[in-house]
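Q: I have a model open and would like to learn how to read it. Could you walk me through some features?

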Amino acid sequence: MSEEGVGAKMGLRRCSFQPITHCIFELDGLLIDSERLRAESVQKILDPYGHTYSFDLKMRCMGKPDSEQASLILNTFNLPFSLTEFENQQEQQCRSKLGFIRLMPGVERLLNHLNEFNVPMAIGSGSCRDSYRIKTRRHSRLFDVFHHVVLSGSDDEVKAGKPAPDIFLTTASRFKDSPDPSKCLVFESSLVGMEAALAAGMQVVLVPDPLVSIRASAPATLRLRTLEGFKPQYFGLPPL
């Protein structure tokens, strides 16, 4: 189904989109294909205990700071090790692969286009500094287009993780002109991220896992299959 078809099912119309001046992007699962790697690493940790990293649990984890995700998994399965031990195991599972993570479809084209027209962009993510550096190293030149990066896992100013609005309000405040939240468009892949953006008073383009229901994603301003389907002109930006 096209983004227009999805929009129709969600009751969206082009006239409901408001012009924006700044863009804020989530990292994991939106810009880079890291959520798949994370899910694989969690499942490998759970396998010896006969547990399954279900889709529902994955959706509850996505978008939250790394430590909150780990805590949620530990508490769900009552695993016999500490938070630090779980995070160390996950790091061992992922570290050799993190530097080879691919960009998600449409990312490079969209970022280069917005940069060409001097649209201010930033990243607001639940990742931590070390993880971000490793995951983006392969694409460092492309990621230079961002004015700044806010990582709630390593930023003391972000008091609460998603679905609280802190991450996006902090990210918006660090643009040079500190735009009103209504002038910021958030790009997200998780439902908790969608909720955080809306709580911050921002419009949100959601690019979720295909299994996420239309009903669950209905509050989003726009739902897309991939960023390849994004039409900047819907939000007052130069068209691709």
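Q: Which residues of H4 are buried?

A: Buried means under 20% relative accessible area, exposed over 50%, and partly exposed in between (1.4 Å probe, protein chains only). In H4, the buried residues are Asp66, Gln69, Ala70, Leu72, Ile73, Leu74 and Phe77. This is a predicted model, in which local features need pLDDT of at least 70 and side-chain atom pairs count only at pLDDT 80 or more, while totals for chains, interfaces and linings use all residues. Residues are numbered from 1 along each chain as its sequence is written, and side-chain values use heavy atoms, with hydrogens and water left out.

Q: What span is expected for helix H4, residues 66–77?

A: Helices (H or I, at least four residues) and strands (E, at least two) are DSSP runs, numbered from the N terminus. The expected span is 1.5 Å times one less than the number of residues. H4 has twelve residues, and its first and last C-alpha are 17 Å apart, close to the expected 16 Å. After H4 comes Asn78, with a positive phi near 50°.

Q: Why do the buried residues of H6 line one face of the helix?

A: An α-helix has 3.6 residues a turn, so residues three or four places apart point the same way. In H6 (residues 107–116), Val107, Leu110, Leu111, His113 and Leu114 are buried. They fall within an arc of 160° seen down the axis (taken from the directions from the helix axis to the C-beta atoms), so they line one face of H6. Arg109 and Glu116, on the other side, are exposed.

Q: What covers the buried residues of H6?

A: Look for contacts, meaning heavy atoms within 4.5 Å. The cover includes strands E1 (22–25), E2 (121–125) and E4 (184–188), along with helix H8 (140–143).

Q: What is the order of the strands in the open sheet?

A: Two strands pair if DSSP finds at least two bridges between them. Here six strands form an open sheet in the order E3-E2-E1-E4-E5-E6, with parallel pairing. At the edges are E3 (148–151) and E6 (222–223), each pairing on one side only. E2 pairs with E3 over four bridges, and Ser125 has Leu151 of E3 as its bridge partner. E1 and E2 share three bridges; for Cys23, the partner in E2 is Met121.

Q: Are the residues of E2 buried or exposed?

A: Five of the five residues in E2 are buried. Met121, Ile123 and Ser125 point one way, whereas Ala122 and Gly124 point the other way.

Q: How many aromatic pairs are there?

A: Rings of Phe, Tyr and Trp (its six-membered ring) pair if their centres lie within 6.5 Å; planes under 30 degrees apart count as stacked, over 60 as edge-to-face and the rest as tilted. The count comes to ten. Take Phe187 and Phe230: their ring centres are 5.0 Å apart and their planes are at 80°, so this pair is edge-to-face. Phe187 lies in E4 and Phe230 in the segment after E6, so the pair ties together parts 43 residues apart in sequence. Both of these residues, Phe187 and Phe230, are buried.
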